[in-house]
Amino acid sequence: TSKEPSFNADTKTYTITNGEELAWVSDVTNGVITSGKNFPSDITFSGYTIELTENIHLNDASDWEGWEENGPRNKWSPIGYDNMFSGRFDGNNHCIRGLYCKKDLYAGLFAKADGEILNVILDNTVIIADSDNYINSIAGSIVSEGKGVSISNCYNLNNVIVKGNKNVVGGICGQLEKGSIH
């Protein structure tokens with residue numbers, strides 16, 4: 001379930017305070033939601049800022065180490081899976097906990113990004129990419145595939161699990177083209 005976050009029109013900033021609002025960002029980039037009170041003029045969020053103001057808890061993470069076999073209730077659909085994320089995402093050093101993402105391709109908090117992602121911490125997360133159906137499986141905790149993306153001050157405190165034969169994987173970014181990680 002997703003919920004539209006508060007929006008400051010002067011700064012073009014969406015303020016994220018919980019998992020439902022974070023899911024809204026994913027739903028917009030993936031075409032699940034196509035309208036709303038403060039819907040962005042560009043579904044890639046180009047020219048917009050997404051800002052976390054609280055720690056985000058997507059699932060009860062007390063048993064996160066068993067999620068590889070039995071995933072939790074809330075499954076994460078990566079931001080930018082269908083339409084690359086091109087905005088600015090500032091986690092403000094807040095932690096996203098309990099993220100569970102299992103995809104054949106592009107597994108992570110972000111699937112594809114070419115914007116700016118900074119100050120994000122992931123903890124008690126399980127990211128699984130399984131390439132049985134694809135030639136390559138791309139996985140990264142923060143970004144699966146970055147094309148010109150700038151990633152700075154981001155941390156992954158857990159593992160990324162990849163299954164299959166031909167995979168591209170990274171703790172922060174699975175595949176980086178013309179971007180930077182600081």
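Colleague: Leaving aside its neighbours within four places in sequence, which residues is Asn93 in contact with?
Modeller: Bear in mind that this is a predicted model, where local features need pLDDT of at least 70, side-chain atom pairs count only at pLDDT 80 or more, and totals for chains, interfaces and linings use all residues. Residues are numbered from 1 along each chain as its sequence is written, and side-chain values use heavy atoms, with hydrogens and water left out. Contact means heavy atoms within 4.5 Å. On that basis, the partners of Asn93 are Asn119, Ile121 and Asn153.

Colleague: Asn93 has a positive phi although it is not a glycine; which value does Lys12 have for phi?
Modeller: Asn93 is at about 60°. Lys12 lies in the loop between strand S1 (6-8) and strand S2 (13-16), and is partly exposed at 32% relative accessibility. Its phi is also positive in a residue other than glycine, near 55°.

Colleague: How many of the eleven residues of H1 are buried?
Modeller: The buried ones include Leu22, Trp24 and Val28. They pack against S2, strand S3 (49-52), strand S4 (56-57) and S5. H1 is largely enclosed by the rest of the structure because its buried residues number ten.

Colleague: Which residues that line the largest pocket are closest to its centre?
Modeller: On a 1 Å grid over the protein atoms alone, a pocket is an open set of points where a 1.4 Å probe fits, with protein on both sides within 12 Å along at least five of seven lines; lining residues have an atom within 4 Å of a point. The largest one holds about 340 Å³ of space, a volume filled by probe spheres set on points joined across faces, edges and corners. Helix H1 (residues 19-29) gives the largest share of the lining, five residues. Of the 18 lining residues, the closest to the centre are Thr1, Gly19, Ala23, Asn74 and Lys75.

Colleague: How many disulfides does the structure hold?
Modeller: A disulfide is a pair of cysteine sulfur atoms within 2.5 Å. Cys95 counts as buried at 6% relative accessibility, and Cys154 is buried too, at 10%. As for disulfides, the count is zero.

Colleague: Where does pLDDT stay under 50?
Modeller: pLDDT is the predictor's confidence in each residue, from 0 to 100. The protein averages 85, and 84% of the residues score at least 70. The stretch under 50, for which the model has 16 contacts beyond four places in sequence, is residues 133-137.

Colleague: What share of the 182 residues in the protein is buried?
Modeller: The secondary structure comes to one helix and 17 strands. Buried residues make up 50%.

Notes
Buried < 20%, exposed > 50% of the residue type's maximum accessible area, 1.4 Å probe, protein only. Helix = DSSP H or I, 4+ residues; strand = E, 2+ residues; numbered from the N terminus.
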